[in-house]
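Please work through the exercises below with the sequence and the model side by side, trying each task before reading its solution.

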Amino acid sequence: MLFRVTLRRTALFAFATAAIGGLLLAERLAPLRRRTRKQLPRLIRNAAMGAACQAAIMVSEAPLSNAVAQRNARRRRGLQHGLGGGIPGRIAAFLAMDYGFYLWHVATHKAPFLWRFHRVHHVDPDLDASTAVRFHFLDMVLSTPWRLVQVRIAGIDRPTLQWWRRFFLASILFHHSNLRLPRNIDAALSRIVTTPRMHGIHHSQVRAEMDSNWSSGISWWDYLHRTYRARPPQYAIAIGVDDAQSDRDVPILPAHLAPFRMAGDRKT
Ligand SMILES: [Zn+2]
């Protein structure tokens, strides 16, 4: 049993490593947007910020979410178990988690206090797979209470939650990537999941463009709320945040101090 679990984990890890390596290579071979900065310092910085986020998740969100998910299964509560706990219930719980994240993402843009932290992610002047892990570690902690609400309402059990996490990680790496897919394939995929072209528009400095394409996994939520946007083309997008401090807040230390300065607030 232990051998089978170890084998499965090793296979998943090998698959994830190969997929991430393939993605990093592909976005270099077929770039979607022109890069504006030196890549190596960006990659190192984003990876370091990602490691801090992973540590924060491991001590806050993950154990608490797992505990709520276990209780969901024990007490047979929430959407998943309300629908019988079988495949339809698991799919509904998975979608509910994904929709909950759409709502959270909108909140991180609309609530000035949350935007201070989410802005650290958007300040990256280039957008690629490394941006997917560039967050303020406190952003991970701040999202924990809402994540617990998501897990409780979805009634998701631990195995299904684990699948949603894997899907979510794959999705954020994919849609932040600078991978130029054939236009028709990107368009077809965007009917179901968030694509690099979709998310590139969300990282625009232009407010109306940034206030669109908030989905982070399944893209249906943007169609549902009429926040889906297919234009402008990627070459016309200036990636980043249009405020006087955005350049200063790119490096690690200023990025982590930025939320505690007043100047990061969005003009509403
Ligand atoms: Zn955002």
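**Exercise 1.** Find which residues gather in a patch of positive charge on the surface, and state which helix gives the largest share.

Solution. The patch of positive charge on the surface brings together Arg71, Arg74, Arg75 and Arg152. Helix α3 (residues 61–75) supplies the largest share, three residues, while arginine 152 lies in helix α8 (residues 144–154). Arginine 152 is partly exposed, at a relative accessible area of 37%, where buried means under 20%, exposed over 50% and partly exposed in between, with a 1.4 Å probe and protein chains only.

This is a predicted model, in which local features need pLDDT of at least 70, side-chain atom pairs count only at pLDDT 80 or more, and totals for chains, interfaces and linings use all residues. Residues are numbered from 1 along each chain as its sequence is written, and side-chain values use heavy atoms, leaving out hydrogens and water.

**Exercise 2.** Decide how tyrosine 99 and tryptophan 221 are arranged as an aromatic pair.

Solution. Rings of Phe, Tyr and Trp (its six-membered ring) pair if their centres lie within 6.5 Å, with planes under 30 degrees apart counting as stacked, over 60 as edge-to-face and the rest as tilted. By this rule there are nine aromatic pairs. In one of them, tyrosine 99 and tryptophan 221 are tilted, 5.1 Å centre to centre with 50° between the planes. Because tyrosine 99 lies in helix α5 (residues 87–110) and tryptophan 221 in helix α13 (residues 220–224), the pair ties together parts that are 122 residues apart in sequence. Tryptophan 221 is buried, with a relative accessible area of 10%.

Definitions and conventions. Patch = residues over 30% accessible without salt bridge, like charges linked within 9 Å, V, L, I, M, F, W, Y side chains within 5 Å. Areas by Shrake-Rupley, 256 points an atom, 1.4 Å probe, with all protein chains shown as cover. Salt bridge = Lys/Arg side-chain N within 4 Å of Asp/Glu carboxyl O. Lys, Arg positive; Asp, Glu negative; His and termini not counted. Charge placed at Lys NZ, Arg CZ, Asp CG, Glu CD. Helix = DSSP H or I, 4+ residues; strand = E, 2+ residues; numbered from the N terminus.
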